Amino acid sequence: MNTLRIAVPNKGSLAEPAAEMLREAGYRQRQDGGRELVLSDPENNVEFFFLRPRDIAVYVGSGTLDVGITGRDLLLDSHAPARELLPLGFAGSTFRFAARPGTADQLADFNGKRVATSYAGLLDSYLRDRGIDAEVIKLDGAVETAVQLGVADIIADVVETGTTLRQAGLELVGEPILKSEAVLVTRADGDSAPGTEQLLRRLKGVLVARRYVMMDYDIRAERVEEASELTPGLESPTVSPLHREGWVAVRSMVPRDQAQRVMDELWEIGARAILVTDILACRI
Ligand SMILES: Nc1ncnc2c1ncn2[C@@H]1O[C@H](COP(=O)(O)OP(=O)(O)OP(=O)(O)O)[C@@H](O)[C@H]1O
Ligand SMILES: O=P(O)(O)OC[C@H]1O[C@H](OP(=O)(O)OP(=O)(O)O)[C@H](O)[C@@H]1O
Ligand SMILES: [Mg+2]
């Protein structure tokens, strides 16, 4: 079988969490501080190419590489013929307009104004689709400063916590342009390369292992229906008899962020010996 060629971010916000996710999925990755441009993982029949996140959709869209990890915003900005296979749950952000108070209240006020961004591909089509005639000023980064320096009236940029905006004296304008996160991408058309399905299964396994915990508890048999409603699991909880008459042991996957609430509610209906454990890996 051909080696699957995977593009991964070499620096920036996406690089470390992408490497961590691939490591959790059982792949070889660069060591801390490693600067390899290409890394072979013959055991898994894959090869990693470390590239600028902005370029990844271009390589994948052209078919030079089979799949890649990038941001949804970067994928759309590139206009490359690539499509999303799987959202990966990290590097979450929104893409938003911001300006000094009083500059603009809504999109319609942008006509004739200058909008600075490092995502010109995305912004051009967004404004064009809505019939807004604004001048797009393309910058490489630190876009928030453009207003202060008089280069633009409005900015369109990645917002995570909003700290950078506030520090620059800007406030959000209009609706979010886009909600972004890291995504696995492949070529827009054509069959997916051999090996893609296995990579997908592994990454989905990591997502589930991160999002869920395993919960075990004992409960009186007559309350097991009630308990199952609290812990329905992905399909159905496993119920096994206990040596102690009238009691059963229940095992079920529970969303990690609900585990404490579910434990409290189970306790209330008489469950005991409630244990929560991490899931290391899984195939669902
Ligand atoms: N606080 C953040 N700043 C920038 N990008 C972020 C942030 N949070 C998430 N992201 C996402 O990371 C991707 C941008 O990664 P990229 O490496 O291009 O920029 P960066 O992390 O700002 O690095 P640099 O500007 O140093 O090159 C986008 O998909 C963006 O939505
Ligand atoms: O909402 P916040 O949590 O403040 O994060 C968003 C900021 O972080 C990024 O900047 P970065 O530090 O990557 O610099 P850059 O603009 O030069 O890319 C992004 O471009 C925003 O400026
Ligand atoms: Mg940046």
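Guide: In this account, helices (DSSP runs of H or I, at least four residues) and strands (DSSP runs of E, at least two) are numbered from the N terminus. By that convention Thr196 sits in helix H7. The structure is a predicted model, in which local features need pLDDT of at least 70, side-chain atom pairs count only at pLDDT 80 or more, and totals for chains, interfaces and linings use all residues. Residues are numbered from 1 along each chain as its sequence is written, while chains are lettered from A and ligands numbered from 1 in the order in which they are written.

Visitor: Is Thr196 buried, exposed or partly exposed, and what makes it so?

Guide: A residue is buried if 20 or more other C-beta atoms, placed from the backbone, lie within 10 Å of its own, exposed if 12 or fewer, and partly exposed in between. Thr196 has 17 C-beta neighbours inside 10 Å, and therefore counts as partly exposed. Two residues are in contact if their C-beta atoms, placed from the backbone, lie within 7 Å. Leaving out residues up to four places away in sequence, Thr196 touches Leu4, Asp66, Val67 and Thr186.

Visitor: Why does Ser252 count as buried?

Guide: Ser252 has 23 C-beta neighbours inside 10 Å, so this residue counts as buried. Ser252 belongs to strand S14 (residues 247-255). Beyond four places in sequence, it makes contact with Met215, Thr231, Gly233 and Pro237. Glu268 is 16 residues from Ser252 along the chain, and 18 Å separate their C-alpha atoms.

Visitor: What is the phi of Ala273, and what makes this residue buried or exposed?

Guide: Phi of Ala273 is near 50 degrees, a positive value in a residue other than glycine. Ala273 has 11 other C-beta atoms within 10 Å, and is therefore exposed. It lies in strand S15 (residues 272-278).

Visitor: Where is His79 found, and what is its phi?

Guide: His79 occupies the loop between H3 and strand S5 (82-87). Its phi is positive, about 55 degrees, although His79 is not a glycine. With 14 C-beta neighbours inside 10 Å, His79 counts as partly exposed.

Visitor: How do you know that the buried residues of H1 line one face of the helix?

Guide: The buried residues of helix H1 (residues 15-24) are Ala18, Ala19, Met21 and Leu22. Seen down the axis of H1, they fall within an arc of 160 degrees, so they line one face of the helix. The arc is that of the directions from the helix axis to the C-beta atoms. An α-helix has 3.6 residues a turn, so residues three or four places apart point the same way. These buried residues of H1 pack against strand S1 (4-9), strand S4 (67-71), strand S11 (182-187) and helix H7 (196-211). After H1 comes Gly26, whose phi is positive, near 95 degrees.

Visitor: Which residues surround ligand 2?

Guide: A residue is near a molecule or strand if its C-beta atom, placed from the backbone, lies within 6 Å of it. The residues surrounding ligand 2 include Gly141, Glu144, Asp157, Glu160 and Thr164. Strand S9 (154-159) and helix H6 (163-167) each supply at least two residues of this shell, and S9 gives the most, with 3 residues.

Visitor: What makes a residue nonpolar, polar or charged here, and how does the shell around ligand 2 divide?

Guide: Ala, Val, Leu, Ile, Met, Phe, Trp, Tyr, Cys and Pro count as nonpolar, Asp, Glu, Lys and Arg as charged, and the others, Gly among them, as polar. The shell around ligand 2 accordingly has 4 nonpolar, 5 polar and 3 charged residues.

Visitor: How many residues surround ligand 1, and which domains provide them?

Guide: Ligand 1 is surrounded by 14 residues, of which the closest are Gly12, Ser13, Gly71, Ser93 and Glu160. Helix H2 (53-61) and helix H3 (72-78) are the elements giving two or more residues to this shell. By class, the shell around ligand 1 has 5 nonpolar, 6 polar and 3 charged residues. Domain 1 (4-91 + 181-194) and domain 2 (93-179) each contribute at least three residues to it. The domain bounds come from an automatic or database domain assignment. That division also includes domain 3 (212-278), and the centres of domain 2 and domain 3, taken over C-alpha atoms, are separated by 49 Å.
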